[in-house]
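Biologist: I have the model open. Can we go through a few spots in it?
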Amino acid sequence: MAMQNEPQVVEVDHEGKPRRFVFVLMDNFTMLCFAAAVESLRIANRTAGKELYTWSIISEDGGEANCSNGCTFRVDGDLSELDRDDTIMLCGGVDVQKATTKRTLNWIRRESRRGVTIAGLCTAGYTMARAGLLDGKKATIHWENQDSFAEEFEEVELTKSVFVVDGNRITTAGGTASIDLMIKLIADDHGEDLANAVADILIYSSIRTDQDTQRLSIPTRIGVRHPKLSRVIQMMEQNIEDPISPAILAKDVGMSTRQLERLFRRYLSRSPKRYYMELRLQKARNLLMQTDMTVINVALACGFASPSHFSKCYRSHYDTTPYRERGSHAARLSV
């Protein structure tokens with residue numbers, strides 16, 4: 001006989017109508033960021049033993065919404081006028097530039113003028129920035145989109161945080177960051193006891209705050225715990241546009257250039273110069289596929305003095321030219 005677990009009810013003082021969230025499923029949205037958010041709300045209601053939250057799911061035209069993993073969702077409606085107390089949750093994902101349509105931009109601008117709180121999950125921070133809603137505000141976006149976002153929206157104070165709440169503008173880095181955000185919102189609305197109970201049911205033992213960064217630490221990413229190596233890589237990542245010479249990098253961590261060379265060869269099987277080049281080319285590829293920057297501007301943003309040198313290095317690493325990379329990416333988007 002199947003057993004049904006009964007939740008331990010957390011007492012919550014609540015009067016008035018439930019808070020409503022409106023999830024906007026943009027084309028190719030990421031399922032995880034949406035599911036993590038809506039499940040947090042469902043569990044909050046179940047744990048409190050009362051309806052603290054309601055939600056609806058909409059798309060731009062009211063038709064079915066396609067997820068980046070191929071699943072299709074039926075929705076409750078289209079981009080209609082909302083109540084001022086509603087919270088909009090824009091759910092972004094793959095190719096958010098294409099999904100950011102004029103109709104969506106006009107709608108969120110109108111709702112923002114009416115005072116509605118707007119959140120961008122995963123890559124939907126891009127949509128908010130395109131609408132001008134993040135000018136002069138702190139924000140975050142998935143780390144894969146950070147380079148292109150920083151180049152396009154200089155008026156936004158971009159952070160590497162898991163999520164950011166700046167007034168009635170909210171952004172997350174994607175994935176499980178939705179859980180961290182919703183736990184904070186639940187705590188703000190109804191207290192830490194309920195928020196912690198929701199996290200416990202989700203088996204989410206490490207709740208992150210807006211002070212936590214989204215990427216793994218450098219030692220974890222490279223699989224090596226060597227403080228001087230980590231420091232050099234950090235300096236490389238922070239100085240892509242104006243690369244630092246290996247001699248200066250070595251001096252800054254108290255090593256000789258030869259010692260730095262041996263360190264990289266031992267742990268990363270490549271020279272410091274090669275590793276640095278790969279970081280710069282990775283950023284260049286992100287900019288080519290996520291922005292409309294010219295190839296020469298991409299080259300300059302990644303520390304290359306000339307387009308010809310950039311093209312030569314790019315082709316050597318990716319087996320294609322920057323122009324062909326951009327062309328093939330544009331062709332995929334148009335399909």
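Biologist: Where is Asp-319 in the fold?
Modeller: Asp-319 is in the loop between helix H14 (307–318) and helix H15 (322–334). Keep in mind that this is a predicted model.
Biologist: Buried or exposed, that Asp-319?
Modeller: Asp-319 is exposed, because its relative accessibility of 68% is over the 50% cut-off.
Biologist: And what is the phi of Asp-319?
Modeller: Phi of Asp-319 is near 60 degrees, which is positive, and the residue is not a glycine.
Biologist: Is Ser-311 buried or exposed?
Modeller: Buried: Ser-311 has a relative accessible area of 18%, and the cut-off is under 20%.
Biologist: Other topic. Where is Cys-122?
Modeller: Cys-122 lies in the loop between strand E6 (117–121) and helix H4 (125–130). Its phi is positive, about 60 degrees, although Cys-122 is not a glycine.
Biologist: Buried or exposed for Cys-122?
Modeller: Cys-122 is buried, as its relative accessible area is 6%.
Biologist: Now the helices. At what angle do H1 and H6 cross?
Modeller: The axes of helix H1 (residues 31–48) and helix H6 (residues 177–190) cross at roughly 30 degrees and come within 8 Å. Angles under 35 degrees count as roughly parallel, so H1 and H6 are roughly parallel to each other.
Biologist: Left-handed or right-handed?
Modeller: The crossing of H1 and H6 is right-handed.
Biologist: Which residues meet there?
Modeller: From H1 there are Cys-33, Ala-36, Ala-37, Ser-40, Leu-41 and Ala-44, and they meet Ser-178, Ile-179, Met-182 and Ile-186 of H6. By class, that contact has 8 nonpolar and 2 polar residues, with no charged ones.
Biologist: Why would residues three or four places apart point the same way?
Modeller: Because an α-helix has 3.6 residues a turn.
Biologist: And H7, which of its residues are buried?
Modeller: In helix H7 (residues 192–201) the buried ones are Leu-194, Ala-195, Ala-197, Val-198 and Ala-199.
Biologist: What covers them?
Modeller: The cover over the buried residues of H7 includes H1 and H6.
Biologist: Last one. What follows H7?
Modeller: Ile-203 follows H7, and its phi is positive, near 55 degrees.

Key. Residues are numbered from 1 along each chain as its sequence is written. This is a predicted model: local features need pLDDT of at least 70, side-chain atom pairs count only at pLDDT 80 or more; totals for chains, interfaces and linings use all residues. Side-chain values use heavy atoms; hydrogens and water are left out. Helices (H or I, at least four residues) and strands (E, at least two) are DSSP runs, numbered from the N terminus. Buried means under 20% relative accessible area, exposed over 50%, partly exposed in between (1.4 Å probe, protein chains only). Axes are lines fitted to C-alpha atoms, for helices over the stretch in contact, and angles run from 0 to 180 degrees between N-to-C directions. Angles under 35 degrees count as roughly parallel, over 145 as roughly antiparallel, 65 to 115 as roughly perpendicular and the rest as oblique. A crossing is left-handed if the near helix is turned anticlockwise from the far one by less than a right angle, and right-handed if clockwise. Contact means heavy atoms within 4.5 Å. Ala, Val, Leu, Ile, Met, Phe, Trp, Tyr, Cys and Pro count as nonpolar, Asp, Glu, Lys and Arg as charged, and the others, Gly among them, as polar.
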